[in-house]
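Here are my notes on the model you sent. Please read them with the structure open.

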Amino acid sequence: MRDGWKWLVLLALAGGLFLADLAFGSAPVPLHAILDGLLGRPIEDPAWRTIFSEFRLPKALTAALAGASLAVSGLLMQTLFRNPLAGPYVLGISSGASLGVAIAILAVGSSGVGLVSGLGVTGDAAVVGAAAAGAAVALGLVLLVSRRVSVLTLLILGMLFGYASSAVVTILLHWSRAERIESYVRWTFGSFAGVTWSELVVLAPALLFGLGLAFVAAKPLDALHLGEVQARALGTGVGPLRTLVLVATALLAGGVTAFCGPIGFIGVAVPHLARALFATSEHRRLLPATALCGVSVALAADLVSQLPGSQSVLPLNAVTAILGTPVIAALVLRRRLENAFR
Amino acid sequence: MPSRSHRSSPGRRGWRDVFLAGVGASILALSFVACGPGVEPSGPDDVAAEGAGAEVGGGGFPADRGCVERFTPGEDLFPDKAEIRWAKGFSVSYHGHYKVLEIHGPTPTRLALVRCGAPAPEVEMAIIEVPIPSLATASTTELAHLEALDVVDRWVAHADLRFVSSSSLREVIATGAVAEIGGADAGHLDVERLVQAAPTVLFVDTPERAQSDSLRLLGGVGTTVVPFPTYLEEFPLGRTEWLLATSLFFNSEARAKDVFAEIEASYLGLKRRVGEEAQRRPTVLTSGPWQGVWYVPAGESFMARLLADGGADYLWSSAEGVGTLQLDIEAVFARARGADYWLFPSHWRSLGEIESIDTRLTRFAAFKSGSVFAPDRRLNDTGGNDYWELGVFRPDLVLGDVVSVLHPEILPDHKPTFLRRLERDPPP
């Protein structure tokens, strides 16, 4: 297999970062305890046991899955729209999710009944539900029109939906008390650490199914990459493929956003990283490469955002962008971006 | 979460009257006096009421404001002077016929408060004639001052009327005397309504509000915006001491000093008893996580000091700073999993709610033993929590609650004002 060593390096990197994310965190847990946990041996200290099994393991799994999902959905969108700037959120999924969360935190929280709380912060479950509902509404609208319009129109509609929902969010923010605005803003920072096992058993199957759909679509995506007209000429069923891609993206991006907040950068940038590394636009190779790069980038970002050795945390979204930008800019500058989209 | 953010909660009202019965006699008397317009203000300390027969009726402004009729240069027109011991957010200096209030913090401001009837001093700062005829407030944290200083009849506007807890203030609101300048749950103040209410001064809590462009327009209609960042105070008594800052506007420093001295004595007395009698210092955890991040009060914060004074071993007491630490939930678990008590836990009202937020929270020893206490005994039915109104002004009451939880042997007959042990289900 061509580029065998690259795959090895990528796999080793992803695996190594996964282990590092388990081993290093805010609380000092000795490596031998982590090793015991990984090997399925009992960890003697109950605190270490809980930290390993209920804090670090779900967080690392969430980061890995979310990284792969965002990167793959970004790649799907870039291919579908033949646009290097596309990402998981071009369809308005993140806008929809943000709107849902804004309504849950800002509007429902202020009505004085039900979910409300003094702080105006609703429960995590309510936030997840609201984000998922918002993303689903956005996706529903997209799917409703997708058969009738061109991909370019879809792109514009997604953008318009984004503007409209952010306008509503602005109005909600304008009417809200400072502490609720703060809660909402903190949600937009993104985080893998808030996902517990009970949430992961919902999130993981959805993301794995979405990734599966993406891999099923890998070969026909190569045809789509040439453009819908050419794809049709090559005998690819463009309509069903488009629906498949949209559903996969919705599951991947919508799922991650609902549980972790709107995590930017990874979805747009990581596909370029994969293209630069493998110099290919063949999806059967690009998809797994993108997924693996996504895993590594998300885990690395999580590691840094936890600031190992300190108890503090940085906002995840800031870390992904600050760390990732120079790396990917360098790669993209070396390999001309536009070649991939000719 | 930063402490200024907790100001409201849903619930019920009516506790104030119950509570009043239990408070010290002098405070009780003051509260009665402050029960609204129509009650004659008492006390020789009240400059507004000094002189010709003290009139306050129907919410109008007294005919005699306590203005000087004949001004003699060099005369000291403020015999009762405020001295600040705890608060770091403001200072005051006296200059014969005017005093200078200096507000520190994010929006530093200097104001010359000149005794009405005396000439305006030649200073480069905003000049306000005191006592002022009217004021507007933007936060519940200063509302207790109005009652303590018996100036409820000067209160013409407030941001979120729904969150006002005090029953006597709610009675005033019911008469329609107080304009709502925040609208429903607003982060922004309604400038047009403010212009209509035309308060002499507007106390604002946050720098965002103090610096808002629209409020600058108020200068044109004679309203001075005064930053009142009480939430930045590091000492519980520092927050209470802002009562003296309010009193400067009414020349009622003497009265403010009396009230403050009483609260201070009550707080420090309790603190001393804890120091002498507490057998051990239980470990305490506070606040709660949001999206995997736990916003923990730093070691020099208001909350850390209150807990230390209440005989707690606050687990982050050595963390430097007066603000909030953003900690990884894992780090909080590692340090606080065995904590004896979990006090002021975010906004939650039942153990079931905490479990539904994050099952990992049930791993804390304080959760397992049911030692979680939240300050939600005094909620009104429109979202206000008196903890963010009376509690800010009366840290002695909050301290009493903390002590009764941590050291029940010191206050065996204590009736809690704010803190309530969380049950499996929320209260009805």
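1. Read along its sequence, chain A of this predicted model follows the pattern α-α-α-α-α-α-α-α-α-α-α-α-α-α. The secondary structure of the chain comes to 14 helices and zero strands. Of the 342 residues in chain A, 52% are buried. Among contacts in chain A between residues at least 6 apart in sequence, 77% join residues at least 24 apart.

2. The largest nonpolar core has 220 residues, and those with the most contacts inside it are A:Val72, A:Val101, B:Leu113 and B:Leu202. Helix α3 of chain A (residues 46-81) gives the largest share of this core, 17 residues. As for A:Val72, leaving out residues up to four places away in sequence, this residue touches A:Leu211, A:Ala214, A:Leu252, A:Leu287, A:Thr290, A:Ala291 and A:Gly294.

3. A:Leu273 sits in helix α12 of chain A, residues 266-278. Is A:Leu273 buried or exposed? A:Leu273 counts as buried because it has 22 C-beta neighbours inside 10 Å, where 20 or more are needed. Apart from neighbours within four places in sequence, A:Leu273 is in contact with A:Cys293, A:Ile328 and A:Leu331. From A:Leu273 to A:Pro205 the C-alpha atoms are 26 Å apart, and the two residues are 68 apart in sequence.

4. Helix α14 of chain A covers residues 316-334. Its 19 residues should span 27 Å at 1.5 Å a residue, and the end C-alpha atoms are 27 Å apart, so the two values agree. Where is the kink in α14(A)? A kink of about 35 degrees lies at A:Gly324, shortly before the proline A:Pro326.

5. The buried residues of α14(A) are A:Leu316, A:Asn317, A:Val319, A:Thr320, A:Gly324 and A:Ile328. The general rule for reading such a list is that an α-helix has 3.6 residues a turn, so residues three or four places apart point the same way. One of the buried residues, A:Gly324, is also the site of the kink. Another, A:Ile328, is a contact of A:Leu273.

6. In chain B, an open sheet of four strands has the order β1-β2-β3-β4, with mixed pairing. Its edge strands are β1 (90-95) and β4 (126-130), each of which pairs on one side only. Direction ignored, neighbouring strands of the sheet are turned by 25 degrees against each other on average.

7. How do β3 and β4 of chain B run, parallel or antiparallel? Strand β3(B), residues 109-115, runs parallel to β4(B), and five bridges join them. Within this pairing, B:Val114 has B:Glu129 of β4(B) as its bridge partner. Helix α8(B) lies across β1, β2 (98-103), β3 and β4 of chain B, and runs at about 135 degrees to β2(B).

8. Helix α15 of chain B covers residues 395-406. At 1.5 Å a residue its 12 residues should span 16 Å; the end C-alpha atoms are 16 Å apart, and therefore the values agree. How many residues of α15(B) are buried? The helix is mostly covered, with 12 of its 12 residues buried.

Terms used
Residues numbered from 1 in each chain as written. Chains lettered and ligands numbered in written order. Predicted model: local features only at pLDDT ≥ 70, side-chain atom pairs only at ≥ 80, totals over all residues. Helix = DSSP H or I, 4+ residues; strand = E, 2+ residues; numbered from the N terminus. Contact = placed C-beta atoms within 7 Å. Core = buried A, V, L, I, M, F, W, Y, C linked by C-beta atoms within 7 Å. Expected span 1.5 Å × (residues − 1). Bend = angle between axes of the 7 residues up to and from the residue. Pairing = 2+ DSSP bridges. Axes fitted to C-alpha atoms, helices over the stretch in contact; angles between N-to-C directions.
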